[in-house]
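Please look over the sequence and the structure shown below before reading on. The report that follows starts from a single residue and then turns to the protein as a whole.

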Amino acid sequence: MNSKLLKQIKECLFPLRITQRYVANKKKKSAKICFYCKNKNKQIKTLLSMIRISLDKTKRFQYWIDTDIFFANQYILNDALPPNFEKIIKYSIQDLIMDNDDKENKINTQNSELLKSVSTYIDRIIECLEEEIQKNREKAIYLENTKRYFERMKEYPAETLEEGLQRILFWSSLFWQTGHTLVGAGRLDKVLDGLKLPDTKEETEYLIMGFYQELHKYYEYKSNSILGDTGQLIILGGTENDGSYFSNDLTHAFIKAMIKYQKPDPKLLLRVSSNMPQDLLELGLECMATGIGCPLLANDEVIIPALKEFGYLHEDACNYVTSACWETLSYGKSWGRGNLADINFAKILVDTYKSNQFEECNSFEDIMSLYISFLQKEIKSCLKRLDYIKWEPNPLMTLFTENCVEIDKEVSEGGAKYHDYGILSVGLANAVDSLMNFREFVFSEKPIFSLNELKEAGLKNYVGRETIEKKLA
């Protein structure tokens with residue numbers, strides 16, 4: 001068979017194999033599959049026409065994910081990143097389409113196509129809202145507001161806090177619906193800064209609690225490796241370019257709402273520094289003292305210099321956020337993925353003392369040299385594995401990432417300003433402790449064991465060598 005034809009068949013069957021497993025696990029006849037046909041925008045357009053819109057007239061916010069749809073991704077999807085929602089707060093869909101239309105740049109064209117598909121989806125949402133309102137207009141006050149917010153989303157920037165939160169919920173749902181996981185919310189006190197707040201602080205906190213409740217919906221579907229591990233992190237506060245500390249009424253309101261909300265999802269992260277308001281730090285500690293598990297604290301005075309040393313510009317380092325597992329990155333300018341591979345330092349040490357060269361070591365320096373040679377070999381193997389990674393095209397994340405238009409590249413092609421691959425370190429402390437045992441018990445001025453004794457004890461898992469195990473513990 002022609003190799004090119006064979007490759008095309010494999011590419012078509014790959015999402016099908018995933019889908020069959022998914023449908024079998026779901027055991028639902030209503031499950032639908034949105035296939036990838038080598039055009040990601042076309043796939044997203046199809047998805048948006050398939051989504052079942054679920055409305056609840058008793059809720060102030062409307063938020064839904066059609067969990068019966070499987071969005072087939074062929075390669076690794078760069079997710080676990082918080083989209084910079086500032087763009088959709090400050091601009092309408094029409095503004096963004098006009099900004100991308102009539103340009104030869106392929107990313108502008110891609111952005112425009114995506115936005116037009118979203119606009120059509122919003123039209124369908126507005127129709128569903130109107131139908132629901134007509135059923136019982138007297139009891140559809142919240143739906144009337146939501147309908148107005150979706151209509152405004154097409155033509156106007158957000159005006160009020162409630163409208164801004166609804167927009168974020170809508171776009172966040174699109175990320176989850178397209179297979180992204182651990183979708184963070186980003187710097188919401190800053191993104192929403194300047195929007196009209198309710199008349200009272202109590203009403204503001206009530207709105208935010210409603211926002212939390214909607215984000216928490218579908219948490220089983222959203223959870224990663226552990227139930228509740230959704231990565232929906234909201235970043236608050238932070239050091240500005242001039243060294244001042246940014247916070248506002250919303251910074252306090254998000255924390256106060258969390259004290260009342262008392263659920264571990266979503267979570268807050270408070271950026272701290274020596275010049276932050278004392279009352280804000282105390283409020284954060286008060287929230288932590290409830291046992292809710294947040295806010296997490298990130299020290300600007302350590303993180304910002306470290307990011308600059310890593311190559312970030314000052315203003316980009318100051319505007320950092322964290323991904324789901326607290327890796328830091330520049331908001332709306334970074335592309336990255338954690339845990340792409342792992343290096344097990346303890347396993348490398350086991351490989352070291354299992355080798356024939358180990359018995360030939362005559363000093364602690366010889367052991368360290370041998371260990372480092374095995375470590376270098378594992379690092380090269382790890383880098384080789386990373387080189388083989390293929391990234392899924394990602395128009396949705398590209399839309400929210402600066403620099404892609406400027407250099408005409410998708411995020412999956414290297415379009416972001418900063419790129420970070422995350423490699424997980426495992427067993428480092430165990431490896432260090434074990435190496436120090438070799439130095440202390442074999443190569444000190446008064447050695448207690450021979451190198452072979454420790455090797456044999458380890459290989460036999462200390463069975464019959466309990467004395468040695470106790471001494472090393």
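This is a predicted model: local features need pLDDT of at least 70, side-chain atom pairs count only at pLDDT 80 or more; totals for chains, interfaces and linings use all residues.

S92 counts as buried because its relative accessible area is 0%, which is under the 20% cut-off.

A polar atom of the S92 side chain lies 2.9 Å from the backbone nitrogen of D95. Leaving aside residues up to four places away in sequence, S92 touches M153, K154, E155, Y156 and P157.

## The protein as a whole

The secondary structure of the protein comprises 21 helices and eleven strands, and its C-alpha atoms fill a box of roughly 85 × 70 × 45 Å along the principal axes. Of the 473 residues in the protein, 49% are buried, and among contacts with a separation of 6 or more, 72% are between residues 24 or more positions apart.

## Surface and charge

The protein exposes about 23700 Å², of which carbon and sulfur atoms supply 52%. There are 62 positive and 68 negative side chains in the protein, and the centres of these two sets lie 7 Å apart.

## Cysteines

A disulfide is a covalent bond between the sulfur atoms of two cysteines. With sulfur atoms required to be within 2.5 Å, the count for this model comes to zero disulfides.

Key. Residues are numbered from 1 along each chain as its sequence is written. Side-chain values use heavy atoms; hydrogens and water are left out. Helices (H or I, at least four residues) and strands (E, at least two) are DSSP runs, numbered from the N terminus. Buried means under 20% relative accessible area, exposed over 50%, partly exposed in between (1.4 Å probe, protein chains only). Contact means heavy atoms within 4.5 Å. Accessible areas come from the Shrake-Rupley method with a 1.4 Å probe; for residues, only the protein chains shown count as cover. Lys and Arg count as positive and Asp and Glu as negative; His and the chain ends are not counted. The place of a charge is taken as NZ of Lys, CZ of Arg, CG of Asp or CD of Glu. A polar contact is a pair of N or O atoms within 3.5 Å; within protein, one must be able to donate a hydrogen and the other to accept it, and residues adjacent in sequence count only if both atoms are side-chain atoms.
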